[in-house]
Amino acid sequence: MSRSSFGSRVMPSARRIVAGTAVVLASLGLSTTTGSAAPSYASVAPSTEQKAGTLDGFVIENLPDGIGTPSDFEYEWSDVSFHSRVWETGPNAEGAFKVDLTVKTIRGEQLTDLETLKDFLVEYEEKDPGWQLTPVKVGGYDGLFAGDEVFYFIEPGVAAEVTIDHERFTDEDVLDTAAGFRPEQS
């Protein structure tokens with residue numbers, strides 16, 4: 001199965017999975033800690049009101065203030081399955097919606113380590129092979145960070161990714177959100 005064929009007026013071709021409405025969720029406070037070799041981002045336990053629930057066996061605990069309405073999507077590309085929750089604001093005066101935040105699980109046998117995850121995302125997101133990424137720790141997981149996006153390897157066959165609207169939110173927002181997006185049993 002290929003990527004979705006419908007396009008968003010506000011996202012590049014690799015991120016065409018937008019649309020829909022659901023329940024508006026509350027936001028929460030976040031904290032950051034730094035490790036010695038690569039930055040490490042940890043989360044603070046949220047209140048019940050701050051939790052955003054679960055997605056495909058992952059808890060969603062940290063959300064930045066001001067995000068819109070969530071919608072869930074499931075899709076597959078190149079034998080890799082995705083489960084995503086997308087928060088959007090809108091419509092604006094022209095009727096368009098804008099993606100604020102996306103969290104997604106990425107599952108596939110070909111994802112054996114962080115390097116294979118990166119290689120897969122370079123192809124899937126149509127990135128330049130020289131994509132500039134910064135190594136980070138997200139919770140206890142090895143990841144790579146690119147400003148509006150962070151992805152991290154959980155275990156063979158399982159990874160996660162968080163993207164954010166970098167015009168409205170900071171690097172810390174995407175990293176703090178990622179720190180609170182983790183497998184339920186962790």
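## Strands, cores and a capped helix

User: Quick start. Which residue in E5 is the bridge partner of Pro 70?

Analyst: Trp 87 is the partner of Pro 70 there. Bear in mind that this is a predicted model.

User: Noted. How many bridges join E4 to E5, and do they run parallel or antiparallel?

Analyst: Nine bridges link strand E4 (residues 69–77) with E5, and the two run antiparallel. They form a hairpin with two residues between the strands. Ser 78 in that hairpin has a positive phi near 50°.

User: What about E5 and E6? How many bridges there?

Analyst: Nine bridges join E5 to E6, in the antiparallel sense. As one example, His 83 sits opposite Thr 105 of E6.

User: Is E5 mostly covered or open?

Analyst: Mostly covered. Strand E5 spans residues 80–89, and eight of its 10 residues are buried.

User: Let's zoom out. How many helices and strands in the chain?

Analyst: Two helices and 11 strands. Reading from the N terminus, the order is β-β-β-β-β-β-α-β-β-β-β-α-β.

User: And how much of the chain is buried?

Analyst: Of the chain's 186 residues, 49% count as buried. The accessible surface is about 8,800 Å², and carbon and sulfur atoms hold 49% of that surface.

User: What share of the contacts links residues 24 or more positions apart?

Analyst: They make up 59% of the contacts with a separation of 6 or more.

User: Which residues in it touch the most other members?

Analyst: Val 150, Tyr 152, Val 162 and Phe 181, out of 24 residues in that core. In soluble globular proteins, nonpolar side chains tend to be buried together.

User: Take Val 162. What is it in contact with, leaving aside its sequence neighbours?

Analyst: Beyond four places in sequence, the contacts of Val 162 include Leu 101, Val 103, Val 150, Tyr 152, Val 174 and Phe 181.

User: Which residue caps the N-terminal end of H1?

Analyst: Asp 113 does. One of its side-chain oxygens lies 3.2 Å from the backbone nitrogen of Glu 115. After the helix comes Glu 126, with a positive phi near 55°.

User: Last topic. What order do the strands take in the open sheet with E2?

Analyst: The order is E2-E3-E11, three strands with antiparallel pairing. Strand E2 (54–55) and strand E11 (181–183) are the edges, each pairing on one side only.

User: How many bridges between E2 and E3?

Analyst: Two, joining E2 to strand E3 (residues 58–60). Thr 54 stands opposite Val 59 of E3.

Methods
Residues are numbered from 1 along each chain as its sequence is written. This is a predicted model: local features need pLDDT of at least 70, side-chain atom pairs count only at pLDDT 80 or more; totals for chains, interfaces and linings use all residues. Side-chain values use heavy atoms; hydrogens and water are left out. Two strands pair if DSSP finds at least two bridges between them. Helices (H or I, at least four residues) and strands (E, at least two) are DSSP runs, numbered from the N terminus. Buried means under 20% relative accessible area, exposed over 50%, partly exposed in between (1.4 Å probe, protein chains only). Contact means heavy atoms within 4.5 Å. Accessible areas come from the Shrake-Rupley method with a 1.4 Å probe; for residues, only the protein chains shown count as cover. A nonpolar core is a set of buried Ala, Val, Leu, Ile, Met, Phe, Trp, Tyr and Cys residues joined through side-chain atoms within 4.5 Å. A polar contact is a pair of N or O atoms within 3.5 Å; within protein, one must be able to donate a hydrogen and the other to accept it, and residues adjacent in sequence count only if both atoms are side-chain atoms.
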